[in-house]
Number of protein chains: 2
Amino acid sequence: MNNPRRFAKPSRQFGLLACLAVLSLAAAGVTTADSLLLKEQGSFFVGGRTIYTDALTGNKDGFLGRGVNNGHITVDQMYVQYQIPEDAGAHLPVVMLHGCCLSSKSYETTPDGRMGWNEYFLRKHRAVYLPDQVSRARSGFDATLYNEIKLGKRPASDMPEIRTATHEIAWGLFRFGPTMGKSFANEQFPVEAFDEFGKQVIPDLNAVLPSPNPTWTNLSGLAIKLKGAILMGHSESGFFPEQAALINPADIKGLITIESVCPALNAAQISSLAKIPTLVVFGDHIDDVPAYADFWKDRFESCATFVEQEKAAGGDATMMHLPKYGQFGNSHMLMQDKNNLQVADLILKWIDEHVEDKKK
Amino acid sequence: MNNPRRFAKPSRQFGLLACLAVLSLAAAGVTTADSLLLKEQGSFFVGGRTIYTDALTGNKDGFLGRGVNNGHITVDQMYVQYQIPEDAGAHLPVVMLHGCCLSSKSYETTPDGRMGWNEYFLRKHRAVYLPDQVSRARSGFDATLYNEIKLGKRPASDMPEIRTATHEIAWGLFRFGPTMGKSFANEQFPVEAFDEFGKQVIPDLNAVLPSPNPTWTNLSGLAIKLKGAILMGHSESGFFPEQAALINPADIKGLITIESVCPALNAAQISSLAKIPTLVVFGDHIDDVPAYADFWKDRFESCATFVEQEKAAGGDATMMHLPKYGQFGNSHMLMQDKNNLQVADLILKWIDEHVEDKKK
């Protein structure tokens, strides 16, 4: 699809009629507080390549047992779901990418049923694009290698690691509290809905991906397709916006790295990234979970170093450690925390001041 | 989450302000044809159970190499994305379930960029719920067995089949034309966007599921959660609405089976399903693809038999073979065909006449 905005128009008067209906309701004293007015929504794919496989299924008798087990399939494509509010104006779209063992669900309704960042950003007049990482969720993955093992064409030891997280690991690693079942006094994650959070955690097959990760290339392609976008990544994907910009900075207008590791870069890479406004966000209790204190301290410091390097190279880079911005008790899943909309406001303010004001 | 409708209200005047803005645009001669007014949207999970695993990852050194490879994970949950239009009134919500090797993307923007059924049904005043099948896409899957093989705890022969479809199989099986690359003269599938369709095809891990398929149980749970719903299934999931109703018919108000196989049922099962209005839909060219002529003829006849059995048991069952309803050239992916909105109109008319009129 070349243009995701090309839509049939089955109901020309719909917008106006719906408005009149809402105004009538308003006149009748009925609140319209929850209404969301969209200019457009939909989904599409970025990237993807066609490969030949001779292990289409793990069934020796082929697909549906009909003898065919070879042919062409598409792999490395990235699914993207999007919504554009009626009042986006000149605001840049925001692309929100999820982390390990998760999907775009991260940014939707929170585990305890509150509004997620996808809807909040829409209500703040931003088009929102939600990709599922390549090899995850609706983007699918290349199953050839698994089927080759099933068919005895390769040894089981060739199987890439499939990664996921237990409830116990998530509780500690995501800093819901110091030990399983115990939360911090000022914990912002809705731990009463922890069971619902557990349902978001799904297997991560990134280990099967080629290098460079096709998600990086596809993020770059998405920014170009959108003719300008702000890229946001979280955790596993926290540095994916930067990786996309290192492949091709075209149309990447802002980089937002949330709770991630920032790898060491050479001077040319730093210099290239310094041309794009960059925000790094970390929550609270960085070294307050004993089992993961070093883990998070290392990550925080790697990104603090990255921010300083960017600044030294003349870049506009900001380290937003939330407690220093008046937000306390935030977990690793800060887009789902009870103060998630206040954190979103800080990010929106950064976008307005550091990315969009500069457009003028 | 007990109530997916519980939302924060960050902008009380949003609906009214947005409307005024749209009316201003309209007064200025700008069309608002595409606007979509939503009362609410979000996502949640149905079902899921907690299990213990000692093969959390395929890494002998455990998660992130930190030594832990056991603990509790959630499996069998079903992800559901939903939107409720402002003007749904008393209309029943419609649950749209996708088929083999696909995700809910089936019902979104078509491969050639037209409106999908999810948005069209919204514009026709229906709340729409899009689940990803358990073990697919954002619902995730239980990776324990794969990791046990990787870790050498089980033989590779224990691996369940992973199923997907090649481009060549999809073209024939989905009746885009008689042979690869050749389409029927009246073909409705947008074959010019076949490459984009190929990106929707993702691995199907249903073979790893326990019995009964948790998607059936979760569909029943979803109908109950919604206090009444119409369930629609397609292809692999075509009979899942009926399977859900056989587990528990509570709050399942209508059954829509699209392009599927209808299994043989006993008298008690037929009698139970006959209490719920049932629609079976098939496209065109049932036996016009030589490689799959028997395949589709068998399926069509199995469902024709099911419809007759339902009628004989006093049920309200309809076989909608689209050419008999004036729609020609439809493929297996009829929700993406060029006349997809006309086909949707036929289904909406059936809902109005056979399900909703009976509520009165």
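In chain A, R114(A) and D112(A) form a salt bridge whose closest N and O atoms are 2.8 Å apart. The structure is a predicted model. R114(A) is buried, with a relative accessible area of 16%, and D112(A) is likewise counted as buried, at 9% relative accessibility. Side chains of opposite charge can pair when their charged atoms come close. Over all chains, the structure holds 37 salt bridges.

A further salt bridge in chain A joins the side chains of E259(A) and R175(A), at 2.7 Å from N to O. E259(A) lies in the loop between strand 6 (252-258) and helix 8 (267-273) of chain A, whereas R175(A) lies in the loop between helix 4 (167-173) and helix 5 of that chain; the pair therefore ties together parts that are 84 residues apart in sequence. E259(A) is buried, with a relative accessible area of 1%, and R175(A) is buried with a value of 0%. In chain B, a salt bridge is formed by R49(B) and D76(B), with the closest N and O atoms 2.7 Å apart. Because R49(B) belongs to strand 1 of chain B and D76(B) to strand 2 of chain B, this pair ties together parts that are 27 residues apart in sequence. R49(B) is partly exposed, with a relative accessible area of 42%, while D76(B) is buried, at 13%.

Salt bridges also cross from one chain to the other. The count between chain B and chain A is four. In one salt bridge, the side chains of R138(B) and E108(A) meet at 3.5 Å, N to O. Salt bridges that share partners join E108(A), D132(A) and R138(B) into one network. On the side of chain B that touches chain A, at least two residues each are supplied by several elements, including helix 1 (14-27), strand 1 (36-53), strand 2 (71-85) and helix 2 (117-123). Strand 1 of chain B gives the largest share of this side, 11 residues.

The size of an interface is often given as the accessible area lost when the parts come together. Chain B and chain A bury about 9,300 Å² between them, and 59% of this area is on carbon and sulfur atoms. The contact takes 106 residues from chain B and 105 residues from chain A. Chain B can be laid on chain A with an RMSD of 0.0 Å by a turn of 180° and a shift of 0.0 Å along the axis. The two copies are thus related as by a two-fold rotation axis. The same surface serves both copies, since 99% of the contact residues of chain B recur in chain A. Of the residues of chain B, A137(B) comes closest to the rotation axis, its C-alpha being at 1.7 Å.

The largest nonpolar core holds 194 residues, of which W117(A), F121(A), W117(B) and F121(B) touch the most other members. A second, separate core has 18 residues, among them A143(A), I162(A), L145(B) and Y146(B). With residues up to four places away in sequence left out, the residues touched by W117(A) include M96(A), Y107(A), M232(A), L334(A) and I347(A).

The side chains of D204(B) and R136(B) are joined by a polar contact of 2.9 Å. Among the other residues that D204(B) touches are C100(B), C101(B), E161(B) and E236(B). The buried residues of helix 7 include F240(B), P241(B) and E242(B).

Most residues other than glycine have a negative phi, and most peptide bonds are trans. In chain A, phi of C101(A) is near 65°, a positive value. C101(A) is placed in the loop between strand 3 (94-96) and helix 2 (117-123) of chain A and counts as buried, at 3% relative accessibility. S235(A) has a positive phi of about 60° and lies in the loop between strand 5 (229-234) and helix 7 (240-247) of chain A. S235(A) is buried, with a relative accessible area of 16%. A cis peptide bond joins S211(A) and P212(A), with omega about 0°, and another joins S211(B) and P212(B), with omega about -5°. P212(A) is found in the loop between helix 5 (194-198) and helix 6 (214-225) of chain A, and P212(B) in the loop between helix 5 and helix 6 of chain B.

Terms used:
Residues are numbered from 1 along each chain as its sequence is written. Chains are lettered from A and ligands numbered from 1 in the order in which they are written. This is a predicted model: local features need pLDDT of at least 70, side-chain atom pairs count only at pLDDT 80 or more; totals for chains, interfaces and linings use all residues. Side-chain values use heavy atoms; hydrogens and water are left out. Copies are superposed by least squares on the C-alpha atoms of residues with pLDDT of at least 70 in both. Contact means heavy atoms within 4.5 Å. A nonpolar core is a set of buried Ala, Val, Leu, Ile, Met, Phe, Trp, Tyr and Cys residues joined through side-chain atoms within 4.5 Å. Buried means under 20% relative accessible area, exposed over 50%, partly exposed in between (1.4 Å probe, protein chains only). Buried area is the accessible area (1.4 Å probe) that two parts lose on being put together, summed over both. Helices (H or I, at least four residues) and strands (E, at least two) are DSSP runs, numbered from the N terminus. A polar contact is a pair of N or O atoms within 3.5 Å; within protein, one must be able to donate a hydrogen and the other to accept it, and residues adjacent in sequence count only if both atoms are side-chain atoms.
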